[in-house]
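I set out to look up selected local features of this structure and to record them entry by entry.

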Amino acid sequence: MVRHFLDLYRLTPEDLRSILDDARDRKAARAGWPKGRIDGDAPARDHVLAMIFEKNSTRTRYSFDAAIRQLGGDAIIANASDMQLGRGEPIGDTARVLSRMVDLVMIRANSHEDVVRFAQASSVPVINGLTDKSHPCQIIADLMTIEERLGDIAGKTLAWVGDGNNVCASLIHAAPLLGYQFRIACPADYHPDLFDLQRGGNNVWLGTDPVEAVTGADVVITDTWVSMGDQDHEARLHAFEPYGVDDALMDQAGEGAIFLHCLPAHRGEEVTDSVLDGPRSAAWDEAENRIHAQKAVINWCLKG
């Protein structure tokens, strides 16, 4: 069977742990190296990664491009508007054609269902680079960063403050696999998908009070209040105003707690400058770790 990387809840705990361990080991092995040097084992040598973007990207685009190069492979990058996909070609037809031309595909898409359909028609691994429903590659980097700073994530408490969006969903998916508790504080009208909450089981708590969610937590996480494609900008800003992460809220977290944000950040909205740029912020390590996370995901897919 082809190994696709679409949602974290589809993985076994062993698969998720192997990806995280590979990301950690590959980062450690490259300490002090120039960014363009190829890893010693070059597991993607002679392999080509296709990258398709329906949404704008900085971290996903650069990290995947750097990742496949460091693994010894190559990349072909296109926006959906540059392809026949952007002119109405059925997504399954695009998948069948690219399967004959490349070794794996990363797609950053508007619709999660489109990525699932692409994978169903593809005979090579497909990686979800972001959809409206989940962002599993980001969460690999997040989990890696947490374990770098705080050790084994099992038994830790993560607090999410803000929109119950795709990033939140993937953190829900990973919670029962790795054994951490995940507290979510969001306005009632912006809660996570109910199917995702069910997947999180007893590892997930949902409420509306940011202080209650953050109190004693090991990690505090947030994201932008208005994601690409959201049309209710003003309503969201009003609803989320009490959910900004500032120093006073961080002070409610446990001793040694860290702050994460997948970026880009809207400074002064979901997070203050003093938190994002402060000593408790691990957001810049988190961004760097996207490269190592993508490498581990690609390697896991190819090993399949």
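Predicted model: local features only at pLDDT ≥ 70, side-chain atom pairs only at ≥ 80, totals over all residues.

Definition used throughout: I call a residue buried when its relative accessible area is under 20%, exposed when it is over 50%, and partly exposed in between, with a 1.4 Å probe and protein chains only. I take helices (H or I, at least four residues) and strands (E, at least two) as DSSP runs, numbered from the N terminus.

Residues are numbered from 1 along each chain as its sequence is written, and side-chain values use heavy atoms, with hydrogens and water left out.

Entry on helix H4. I looked up which residues of H4 are buried. They are His-112, Asp-114, Val-115, Val-116, Phe-118, Ala-119 and Ala-121. Helix H4 spans residues 112-121, and because seven of its 10 residues are buried, it is largely enclosed by the rest of the structure. I then asked against what these residues pack. The buried residues of H4 pack against E1, helix H3 (91-99), strand E3 (104-108) and E4; contact here means heavy atoms within 4.5 Å.

Entry on backbone geometry. Most residues other than glycine have a negative phi, and most peptide bonds are trans. Leu-130 belongs to strand E4 (residues 126-130) and counts as buried because its relative accessibility is 8%. I also noted Ala-42, again not a glycine, with a positive phi of about 40°. Ala-42 sits in the loop between helix H1 (13-29) and strand E1 (48-53), and its 5% relative accessibility makes it buried. Leu-263 and Pro-264 are joined by a cis peptide bond, with omega about 5°. Pro-264 lies in the loop between strand E9 (258-261) and helix H11 (273-276).

Entry on Thr-224. I located Thr-224 in the loop between strand E8 (219-222) and helix H9 (233-240). Is Thr-224 buried or exposed? Thr-224 is buried, because its relative accessibility is 10%. Leaving out residues up to four places away in sequence, Thr-224 touches Asp-163, Asn-165, His-261, Pro-264, His-266 and Glu-270. The side chain of Thr-224 makes a polar contact with the side chain of His-266 at 3.1 Å. The Thr-224 side chain also reaches the backbone oxygen of Val-226 at 3.2 Å. A polar contact is a pair of N or O atoms within 3.5 Å; within protein, one must be able to donate a hydrogen and the other to accept it, and residues adjacent in sequence count only if both atoms are side-chain atoms.
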